[in-house]
Number of protein chains: 2
Amino acid sequence: VTFTKVSILGPGLLGGSLALALRRNFPQVRVSVWARREEAAREVCGRGMADEATTDLKTAVAGADLVILCVPIGVMEGVAAQIKPHLERHAVVTDVGSVKAPVVDALVAGLGTQFIGSHPMAGSEQVGLDAARADLFDGAVCIVTPDEKADPARIEAVGKFWSALGCRVATLSPAEHDEVVALISHLPHLVAATLVNLVCARNPDAFHFCGTGFRDTTRVASGPPEMWAEILDGNRRAMAKSVESLIQMLREVEQQLHNTGAVRDFLANAKEQRDKITTRN
Amino acid sequence: VTFTKVSILGPGLLGGSLALALRRNFPQVRVSVWARREEAAREVCGRGMADEATTDLKTAVAGADLVILCVPIGVMEGVAAQIKPHLERHAVVTDVGSVKAPVVDALVAGLGTQFIGSHPMAGSEQVGLDAARADLFDGAVCIVTPDEKADPARIEAVGKFWSALGCRVATLSPAEHDEVVALISHLPHLVAATLVNLVCARNPDAFHFCGTGFRDTTRVASGPPEMWAEILDGNRRAMAKSVESLIQMLREVEQQLHNTGAVRDFLANAKEQRDKITTRN
C-alpha cells in the first residue's frame with residue numbers, strides 16, 4: 001500500500017484487528033487509533049497495537065492518507081462531521097459498517113467524494129479489543145460500495161487496501177450490497193435469534209437437549225444486540241422483503257411435509273448449494 | 001455393561017460409531033454388525049470394527065443381549081419383523097431414530113416390551129461408515145423414550161448402556177421427545193435448508209459473499225436429504241406447530257424492525273439464552 005499513515009477510528013473487534021493486520025502486513029505504515037474513552041486508548045498503546053492512540057479526532061486524522069471508520073453505524077455521521085475540517089485533502093475515508101445505503105448516503109453528504117464505503121465481511125459473535133486478531137481479514141470477502149459519483153481513484157485505493165490486507169474484494173452498489181447481506185447475513189442473524197427465543201417461549205427445558213446442530217445454527221445469536229439492532233434497523237427495507245420471502249418459502253415446505261419426495265428434493269437442492277460453500281470466512 | 005453380545009443393525013455413521021465406541025470402551029463385549037449389502041459387511045470386517053459382520057439378520061441377533069436398530073426409520077418396522085423370531089427372550093432392542101412417537105408405536109406393536117426407544121443426539125452432516133468415530137457419543141445427550149407400558153428393567157438397561165458409552169441420558173415420553181427435537185433439531189434443520197434455498201431463489205450470486213455466519217447457520221443443510229425427509233415426515237405434526245410459531249415470531253419482530261429498542265431486547269434475550277449453551281454436542 002502507498003499509505004504512510006492510516007487512522008483507525010474505534011478500537012473494537014474490527015478496528016483492533018485492522019491495527020494488528022496493518023502491523024503484521026505493513027510494519028512501515030504509521031497506524032493511529034482513535035478511541036472515545038481514555039482507557040481504551042491506553043489499552044491500544046499498552047498492547048503496542050498502534051504508533052499512536054488518542055482520544056482526539058484531530059490528532060488521529062492529521063496527516064492520514066486513509067481514515068477508517070470502525071465505530072457503530074449510528075455514530076458514523078457525527079464522527080464524520082467532526083473529522084471533516086481536519087482531513088488531508090488527498091485523504092480517503094472508508095468504513096466497515098454492515099449496512100451501506102444509509103451510511104453511504106449520510107457520509108457522502110458529509111464528506112463528499114472523499115468517502116468510499118466498504119464492508120469487510122469478517123467478525124464473529126465476539127466483540128471488543130480482546131477478540132481482535134491479525135488474521136481476521138485473511139480470505140474474507142470485502143464489498144466496496146461506491147455510489148454513482150464516487151472518485152474512481154479512491155475506489156481503486158480502497159479496494160487495493162483491502163486486497164493488500166488479504167481480503168477478496170468485490171464491488172456492489174450500496175443498494176445491491178444491502179440486498180445481498182440481508183439474505184446471507186442479516187436474515188440468518190434474525191432467524192438464529194428467533195430460533196433461540198422460540199425455544200425459550202415454547203419449552204425452555206429443551207435447551208438441555210441441544211446438539212451441535214442447534215449450537216452452530218444459532219451461534220451468531222450471541223452477537224452484540226445493540227450493534228445488530230442498529231444493523232437490522234438500517235437495513236429494514238431489504239430485511240422486510242427477505243423475511244417475507246422466508247415466511248412464504250417456509251409455508252410452502254410446511255404444506256409438503258407429508259410429501260417425502262418433495263421435501264427430499266427441497267433438502268437435496270439446499271445440500272447441493274450448501275456443499276459448494278467452501279470459503280474460510 | 002453386563003451385555004456379552006451387542007448386535008448393531010446398520011453400519012452407517014451411528015452404527016459404525018457405536019461399534020467403534022463399544023470396541024474402545026468394552027473390548028470384552030462381542031460386537032456383531034448386520035449390513036444389508038455384502039460389501040458393507042466386508043468393509044466392517046476389514047476395518048476390524050466388529051467380531052462378526054453379516055448380511056444375515058438371524059446370525060446377527062442370535063445370542064445378542066442388546067440389539068440396536070441403526071437403519072433408516074422407514075425400514076425399522078420391516079427389520080423388526082424379521083428379527084423377532086430370532087431374538088433371545090431376555091434381549092433388549094433399542095434404536096437410534098431421530099423421531100420417536102411413530103417408531104415406538106410401530107416397534108412396540110411388533111416387538112412388545114422387548115423394545116425401548118432411544119435417540120442419541122450425536123451425528124453431523126456427514127454420513128456412512130467413513131465418518132464413524134469412536135468418540136461420537138462422548139458427552140452427547142441420549143434421550144430414552146419408553147412408552148407407558150415399558151419394562152422398567154429394560155428402560156434401566158438401555159439408559160445404563162448409553163451412559164456407559166459416555167452419553168448424558170435423559171428420559172422423555174415419545175411425544176415429549178418429538179416436541180423437543182422439533183424445536184431444537186428438526187426446525188433448525190428445515191430453516192437452514194430454507195435459508196440456502198432462499199438465496200438460491202432470490203439471488204444466487206449472493207453465495208459468493210457468504211461469511212462464517214452463513215456457513216455455520218446453514219451447516220446442517222448439508223445433511224442427507226433422504227434421511228431428513230423421512231424425519232420431517234415422521235415428525236410432521238410437531239413440525240407444523242413449530243413452523244407456525246416461528247412464522248408468528250418472525251412476523252412480530254419484522255413489524256418492530258424500526259424499533260431498535262424492541263429489537264435490541266429481542267436480540268439480547270436470544271444472546272442471554274444462547275450464551276448458556278455450552279454443551280459439546
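Buried area is the accessible area that two parts lose on being put together, summed over both. I start my notes with that term. The model I am reading is a predicted one.

**Entry 1: the interface**

I looked up how chain A and chain B meet. The area buried between them is about 8,200 Å². Carbon and sulfur atoms give 69% of that area. I then asked how many residues each chain brings to the contact. Chain A gives 84 residues, and chain B gives 84 residues.

Next I looked for charged pairs. The rule finds eight salt bridges across the interface of chain B and chain A. I picked out one, between A:D216 and B:R219. Their closest N and O atoms are 2.6 Å apart. A salt bridge needs such atoms within 4 Å, so this pair qualifies.

**Entry 2: the side of chain B**

Which elements of chain B supply at least two residues each to the side that touches chain A? I found one strand, β7 (141-145), on the list. The helices are α7 (174-202), α8 (212-217), α9 (225-234), α10 (236-254) and α11 (260-275). The largest share comes from α7(B), with 19 residues.

**Entry 3: cysteines**

A disulfide is a covalent bond between the sulfur atoms of two cysteines. I searched the whole structure and found zero disulfides over all chains. I checked two cysteines by name. For A:C200, the nearest cysteine sulfur belongs to A:C210 and is 11 Å away. For B:C70, the nearest is that of B:C142, also 11 Å away. Is B:C70 buried or exposed? B:C70 has a relative accessible area of 13%, so I wrote it down as buried.

**Entry 4: A:M76**

Last, I turned to one methionine. A:M76 sits in helix α4 (residues 73-83) of chain A. Why do I call A:M76 buried? Its relative accessible area is 1%, and buried means under 20%. I then listed what A:M76 touches, leaving aside neighbours within four places in sequence. The contacts are A:L69, A:V71, A:D95, A:V96, A:G97, A:V103 and A:L107. I followed up A:D95, which is 19 residues from A:M76 in sequence. In space, the two are 8.6 Å apart, C-alpha to C-alpha.

Definitions and conventions. Residues are numbered from 1 along each chain as its sequence is written. Chains are lettered from A and ligands numbered from 1 in the order in which they are written. This is a predicted model: local features need pLDDT of at least 70, side-chain atom pairs count only at pLDDT 80 or more; totals for chains, interfaces and linings use all residues. Side-chain values use heavy atoms; hydrogens and water are left out. Contact means heavy atoms within 4.5 Å. Buried area is the accessible area (1.4 Å probe) that two parts lose on being put together, summed over both. A salt bridge is a side-chain nitrogen of Lys or Arg within 4 Å of a carboxyl oxygen of Asp or Glu. Helices (H or I, at least four residues) and strands (E, at least two) are DSSP runs, numbered from the N terminus. A disulfide is a pair of cysteine sulfur atoms within 2.5 Å. Buried means under 20% relative accessible area, exposed over 50%, partly exposed in between (1.4 Å probe, protein chains only).
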